[in-house]
Amino acid sequence: MKYSLLSKKPDSPAYCGVIYDLSADRAVNNLSDDKKRNEYFLSVLSSPLTDVENIRYRQEIFEDLSRCEGLFDALKLIFTRYDRIKTDWQDMKLGSISSSETNPEAFLRHSFASLKVTAIFPSTMASFFENIASTLGIYDIKSEALCDMKKRCDAMRGEEALGNIVEISQLFRYGEIEDYDFSLLVKADGLLYPEKADISAVSPVKKKQGGLAGLFKKDKKAENVITVGTAHSETGNDPQECSSYLLGCALADIDRKLTEITNNLYEIFYGLSNELMFYEIGLLYMDEAKKQDVPLCYPTMLPAEDDVIRLKNVKELLLLSGGKGRETVPNDIDIGSSRAGMIIKGLTDSGKTVFLRAVAGAQLLAQSGLPVLAEEALLSVRGGFFSHFSSAEEDFLKGSAQGRFDQEAGEISRIIDNFRPHSLLLLNETFQTTSYEEGTESIYNILRYMPKLGAKYIFVTHLTRLFDYMHGENVMLASTSNDPATKYKIIIGESKN
């Protein structure tokens, strides 16, 4: 069974269409300049987990890696080397023997050379299993994932079947074909024409003989062991050619079987160096938070049906990665299952969009198994992340005969058509048209429809009249602070902006 550091069991990732609007890509690029590593991290972030057990699985790994100094670097070194094994193997296979000759002796030598290369890798992998187990044994690991990995490698080290495979492969690792005696068990038809040959014994030659003359011995005690030199083959009647051909086929068969077994063993831990790139960026993010004295916490995750978003003193990821973590104003949010969502009004540059990104970013990080920039967090799993951030007027009108309002209406309609149960909808200045009455009425009708879709929303807006429409609805109303002393704070209820 293939091992993964990203999930304990199969998951159904939430839809995620908010990476750009949350500026998550910019935040990651601020943390690291390694393009490949960043892209991998964002690909994982774009597939938020929906199984609470899988989220906790990742949280525990992060806890181990951040607590045990040196553990991440040790695992990265091991699994980077491990993932190169197959490439090295294939390169050596290609370089083992290449010949345009098709005669039996050339075929025999090609089969042996290929098997000799294949035989290197079972013992190589066995040494990796031992290295993984001994490395993990040095550290005080507590996560289910790494404890299980150590347990599995310990078991494989003592596995008799793996020991047998290594022992068999060792037979072919050293020397040349002339250095061995082979006994073949040949299956023949009624006329003693060979149909198939299996190797029944291999041993070093006691006295070296020239050419291939000493490669075969007849086992007189076994009636079903035929002296291959007396049999006919499609290569002709020459006993030497027949012997070479049959032995070449037998060696090629062992090569195929050993390759298949080795591939299956190799796949158990293959790809973990890529998965560690996700943890590497995650650790950089955690280090940056600690450097700027920004609180981090692992959220308590609840099933989607609990429908809660509760964060204390949450901050935005982008401002942290931009070095502004200390000066960023934290905010709280507490929306339970009785609330359909939250609407925040305020002036330009009053912290509305920062708050929106902070909350949604925390939810996204939480469902990726990462700690969040908050003192406390209680979050339900979301089935989807959708956003609509209003663009400048010229962005809408460019290349389109539609007006801004019509285009925004079409985009909101497409979002609603793709909703999943328990989705989170982020709206930033949607329907901020010149006709405020039209925009207010339209967004009001959309927000009233959200509970029927099982979605929660956070909407930041200039449409102050929307508050008059929403009084009496099951929604939390909030405003940005109008007091310079508490700038960027979100105040539950209305303030006179």
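**Figure 1. Salt bridges in the predicted model.** The structure holds 24 salt bridges, and the model shown here is a predicted one. As a friendly reminder, side chains of opposite charge can pair when their charged atoms come close.

**Figure 2. Lys8 and Glu53 form a salt bridge.** Here the closest N and O atoms are 2.6 Å apart. The pair links distant parts of the chain, with Lys8 in the segment before β1 and Glu53 in helix α3 (residues 52-67), 45 residues apart. Lys8 is partly exposed because its relative accessibility is 37%, and Glu53, at 33%, counts as partly exposed too.

**Figure 3. Arg56 pairs with Glu63 in a salt bridge.** In this view the closest N and O atoms are 3.3 Å apart. Arg56 has a relative accessibility of 35%, so it counts as partly exposed; Glu63 is partly exposed at 25%.

**Figure 4. Arg382 and Asp307 form a buried salt bridge.** Their closest N and O atoms are 2.8 Å apart. Arg382 sits in the loop between β8 and β9, while Asp307 sits in the loop between β4 and β5, so the pair ties together parts 75 residues apart in sequence. Both residues, Arg382 and Asp307, are buried.

**Figure 5. Strand β8 pairs with β4 and with β5.** Strand β8 (residues 376-380) is largely enclosed by the rest of the structure, because 4 of its 5 residues are buried. With β4 (residues 300-302), β8 pairs in the parallel sense over 3 bridges, and Met301 has Leu379 as its bridge partner. With β5 (residues 309-314), the pairing is antiparallel over 4 bridges; look for Leu311 opposite Ala377.

Definitions and conventions. Residues are numbered from 1 along each chain as its sequence is written. This is a predicted model: local features need pLDDT of at least 70, side-chain atom pairs count only at pLDDT 80 or more; totals for chains, interfaces and linings use all residues. Side-chain values use heavy atoms; hydrogens and water are left out. Buried means under 20% relative accessible area, exposed over 50%, partly exposed in between (1.4 Å probe, protein chains only). Helices (H or I, at least four residues) and strands (E, at least two) are DSSP runs, numbered from the N terminus. Two strands pair if DSSP finds at least two bridges between them. A salt bridge is a side-chain nitrogen of Lys or Arg within 4 Å of a carboxyl oxygen of Asp or Glu.
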